[in-house]
Structure formats: C-alpha cells, structure tokens
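Dear colleague,

Please find below the structure that I am handing over to you. My findings follow it.

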Amino acid sequence: MSDNEETPENRLRKELPEEVPASEPDTTAAPEAPEENATAAPEEEQPSLTGRQRLVKGLWPPRVTRAQLIVAVLLFGLGFGLAVQVASNSNSDSALRGARQEDLVRILDELDDRTQRLEDEKQGLEKQRDELENSSNQAEEARKQTVEKEKQLGILAGTVAAQGPGITMTIEDTKGTVQADMLLDAIQELRAAGAEAIQVNDVRVVANTYLTDSGKSVSVDGNKINAPFRFKVIGKPADLEPALNIPGGVVQTLEKEQATVAVERSNKIVVDALRAAKRPDYARSSSQ
C-alpha cells in the first residue's frame, strides 16, 4: 500500500483539527473559590461614576470640622446683620414713601432748622476763637505798651537809668561864687530846651528837685555837691547848646561870676544816677 493511498484512518485525521498541546497550569492564579460560591453567577461590572456623582459622594455625608463650624457661624451672623440693615432701610424708605406731603415738608423744615442751628453754632465758635486770638494779641500789645510806658515814666521819675544823645556842661568855680539859684536857672533853661534827663554830679534831677546853698557849696535835694559842677543832659544837642549860649543866658551869667563853662555835644550821654521810688502820701490813681 502506497503512502498516498488514502485509508479511512487517514481521511478521518484530515477532517479532524490538529491537536493542541495542553498548557501547564498557572501556579500564580488566585485560589479557587469555595464550592458554595462556585455555582454563583458572576457579578456584573459596575458602570463608571460621573463628576457630579463623585462630588455628591464626597460631600455627603458631611465631615464638619471645628474651624468650618466657626466660619459657618460667622457667615450666618454677617448675613443676619446685613438682612436686618436692609430691612431697616427698607422700612425707613417705605415710611418716607408712604408719608404725606405735609409730613415730608415738616421733616425738611426740621432738617433745615437743625442745619441752621449747627451753622450758627459754628459761627459762634469761630467768633469766640477770633475774640480769644485778638484778646491775646491785644493783651500782649497792652503789656508791651505798659512796659514801655513804665520805662518812660521811670526816666522822668529818675528810677531807671537812661542814655541817648545830649550834652555835657562843666562849671569850674574856683572863686566859690556860683550859688544854688544859678544852677537852678541852668536846669530850668535845659528843661525848656527839651532836656529829658538831667544829672548834676551824682544827683538825679527830677520834677520836685530843689537846690539850696550850703556854705560855699550847693545842696541838691539835701545832697551836698562841690565844684566842679558837671551836668549830664539827654536831649537834642542842637537845641540844648544854643539855649545855654543865648545872650544874657546861663553861660554869660556864670562867666560874669568868674566861673568857667564848657559845653560839649555827644551822641551818647549816660545818666545813671537813680532816685528811690517813693509812694505819694495822699495822691492815688483815679482808676483805682
């Protein structure tokens, strides 16, 4: 029998598929389920969740912490306050909308009156401020004037020293012929020429000064002075010197008595002899 001759056995083999070798068992496979679950139907595969479903699943049931609870309470309080404010504003607006025309006019008049009162009060306060500023300025100016007046009166009363332009007159009396009336004539002539402060030797001449003869010397207000007699006079030199040198005046009279008179002008004469301030016995200021 030839190889190509088909036998019934060979024909049957061609018709059957080729044998597949058996695979080795997988030792890593999961252990078989128990016999009681062997007959259970396999579970159906669960469908995938959408984004909204995952969000809902993450939010519920809620997991509230203490911080979240505090924030929620604060937000609730804020919302409640805003609601109350809106409600009150709504009520006031509703009241105004529902008010009568007479009531609205009255409310406007009251507001105008209150505004006017506040404006008047503001103007009154501004006026008081200006008065206080002016009074303080006036008080300061009055104080300065008082100090200046005190200095001027002190110069006239001889209680303060003085300086300024003037002349110096020196009378040399070697024969002792100069008398008190001659010196008094010189003082009166100087006052008439505008002398503001006079000092004879170390004695200040004031309004109530008097001169007397004391032997061969002269007393000024009880203070004995001797020759040479030195006059220091503050005033305008151009008026003082000619007043002494007029014909028949002080200088010629003293020269007739064999006295020597020297007059010098100066831009600065210092009269520093002082008189003690004396309170009058009877005279008082009329403003008291």
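Strand β1 (residues 162-172) and strand β8 (residues 260-271) pair in the antiparallel sense over ten bridges, where pairing requires that DSSP finds at least two bridges between two strands. Opposite T170 stands A262 of β8. With strand β7 (residues 229-234), β1 also pairs in the antiparallel sense, over six bridges; here V233 is the bridge partner of I167. Eight of the eleven residues of β1 are buried, that is, under 20% relative accessible area with a 1.4 Å probe, protein chains only.

This is a predicted model, in which local features need pLDDT of at least 70 and side-chain atom pairs count only at pLDDT 80 or more, while totals for chains, interfaces and linings use all residues. Residues are numbered from 1 along each chain as its sequence is written, and side-chain values use heavy atoms, leaving out hydrogens and water.

Helices (H or I, at least four residues) and strands (E, at least two) are DSSP runs, numbered from the N terminus; the protein chain has eight of each.

The buried residues of helix α6 are A180, M182, L183, A186, I187 and L190. Seen down the axis of α6, they fall within an arc of 165°, so they line one face of the helix; the arc is that of the directions from the helix axis to the C-beta atoms. Just after α6, G194 takes a positive phi of about 105°.

Overall, buried residues make up 20% of the 288 residues in the protein chain.

With kind regards

Conventions. Buried < 20%, exposed > 50% of the residue type's maximum accessible area, 1.4 Å probe, protein only.
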